[in-house]
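I am opening a notebook on a structure that is new to me, and I want to write down what I look up as I go. The sequence and the model come first, and my entries follow.

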Amino acid sequence: MYNMTIEDEEIDLLLNDVFEIYGYDFTSYSRASLKRRIIRLCALDKFPSFAELRYRIRSEEDYLKRFVEEITVNVTEMFRDPSFYKVLRTDILPILGTKPFIRIWHAGCSTGEEVFSMAIMLHEANLLKKSLLYATDLNPSVLEKVRKGIFPLTQMKQYSENYIASGGTKDFSTYYTANYGQAKLNQELSEKIIISTHNLVSDGSFNEFDLILCRNVLIYFDKDLQERALKLFDDSLGTLGFLALGSKETLKFSTIQSRFRQLDKEKIWKKMI
Amino acid sequence: MEENDLKNKFKVVVIGGSAGSLSVLFEMLPALRTDLSIAIILVLHRKNSADSSLSALLSTKTLIPTREVEDKDPILPGNIYLAPADYHLLIEKDYIFSLDYSEKVNFSRPSLDVTFESAADVFGPDLTAILLSGANDDGTEGLIAVKKTDGFAIAQKPESAQMPFMPQHAISNMEIDLVLDIKGISDFINSLATH
């Protein structure tokens, strides 16, 4: 796609720089994806050689910010995989609703589309008031977007279709105000969202949750880092808590699998002990 | 990262297709030997629903174990792997799959270019990449990458394709090793499997 070849050893050097100088550890990210992202960034920012990318990252802290934003994948949508949300709505939320208080963690939430989808479903189930949704990501600039709750208006048609396919029965447009090509989600949806940076590579457990969602984040990690993150989720879930992963992600390579039981079809597991 | 044992090296065929490629597979898969000592990876443009019934459908056409890839599945000879809908399919140096939900490439996810390039990077001369019927230009850049790492590039004969544009685009823009009709493609894969 882009006319540049980068040796694996060069990527090692770069990742080492980023870790030593700035403390971000990407060394256990899936290398095939990372390599693509780095080559893409070189093309986007027109670096004539890899050495120049490396120099810029080493010498400019502001550019590091851009590097982190572009290396991590922040593509997401509201009610992605409607059948997954349907199961959440019909099977999981009624169980959570029996609790006096509901704690949910969206780990690696990116720009927050899935967090707001959850807030809408909790609202419709009359559970939002007694819920807290923790939205975390390693990247502060995507969290700024969660805080604003503003998304491109052009996306809303797709999101509305997803919402209906997930079992939503309201008029989706009542959840946002359209203005200048942007859709601002209603303030009441944001009130129970707690936003914080959290890095699945290096940070630990910070609370006990009833439901943890981490969808299409683990695909960017190698198996060792996946295991670390999954253990962290295990440590952060109460007994009978739920773990939700992306539609092609799995516990089958993890030691925590024996402690969890998968629900019928979707990638949702219940912690049994 | 753990290096793959050289003794365990095997040949890999990546087949990329778009509109009109399903009927090619329906004709080709039953003609394949079932004692394949190679791995076959299918990347097809299709509707981005999470529906996995395509792998079940393809399974009815061959006795070779055929399944849709999940993240970090290992690549083993004697299997057919199907890229899941709405993810790019990448390959790691230690012969395992990684999925990627980044931006569409050539308006496509999975993109044929993305998998061809990633496979070229890992399998080098052990790779054969085959471009089937389709109505867009995805795949050509990927085949160029395959040639660069000494892999082998095949395009479906445009006259035999329901949608000739995609293979024709590759033939016109790069040096293709072989242009084959459907029977030619299955014969070629069978010949790889016996070497």
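Which residues touch the most other members of the largest nonpolar core? I keep in mind that I am reading a predicted model. I looked up the core and found that it has 135 residues, and that those touching the most other members are A:A119, A:I212, B:V14, B:L42, B:A119 and B:A129. I then noted that domain 1 (8–71) and domain 2 (82–271) of chain A both give residues to this core, so it lies between them.

Next I followed one of these residues, B:A129, and leaving aside residues up to four places away in sequence, I found that it touches B:V14, B:F116, B:A119, B:G142, B:L143, B:V146, B:G151 and B:A153.

I turned to chain A as a whole, where I found ten helices and ten strands. Its radius of gyration is 19 Å, close to the 19 Å that the globule rule gives for 273 residues, so chain A is as compact as a globular protein of that length. Along the principal axes, its C-alpha atoms fill a box of roughly 55 × 50 × 30 Å. Buried residues account for 43% of the 273 residues in chain A, and of the contacts between residues at least 6 apart in sequence, 78% join residues at least 24 apart.

My last entry concerns strand 4 (residues 79–82) of chain B, which pairs with strand 2 (residues 39–44) of chain B in the parallel sense over four bridges, with B:A39 standing opposite B:N79. Strand 3 (residues 66–68) of chain B also runs parallel to strand 4 of chain B and is joined to it by three bridges, and here I noted B:I80 as the bridge partner of B:T66.

Conventions
Residues are numbered from 1 along each chain as its sequence is written. Chains are lettered from A and ligands numbered from 1 in the order in which they are written. This is a predicted model: local features need pLDDT of at least 70, side-chain atom pairs count only at pLDDT 80 or more; totals for chains, interfaces and linings use all residues. Helices (H or I, at least four residues) and strands (E, at least two) are DSSP runs, numbered from the N terminus. The radius of gyration is taken over C-alpha atoms; the globule rule is 2.2 Å times the number of residues to the power 0.38. A residue is buried if 20 or more other C-beta atoms lie within 10 Å of its own, exposed if 12 or fewer, and partly exposed in between; C-beta atoms are placed from the backbone. Two residues are in contact if their C-beta atoms, placed from the backbone, lie within 7 Å. A nonpolar core is a set of buried Ala, Val, Leu, Ile, Met, Phe, Trp, Tyr and Cys residues joined through C-beta atoms within 7 Å. Domain bounds come from an automatic or database domain assignment. Two strands pair if DSSP finds at least two bridges between them.
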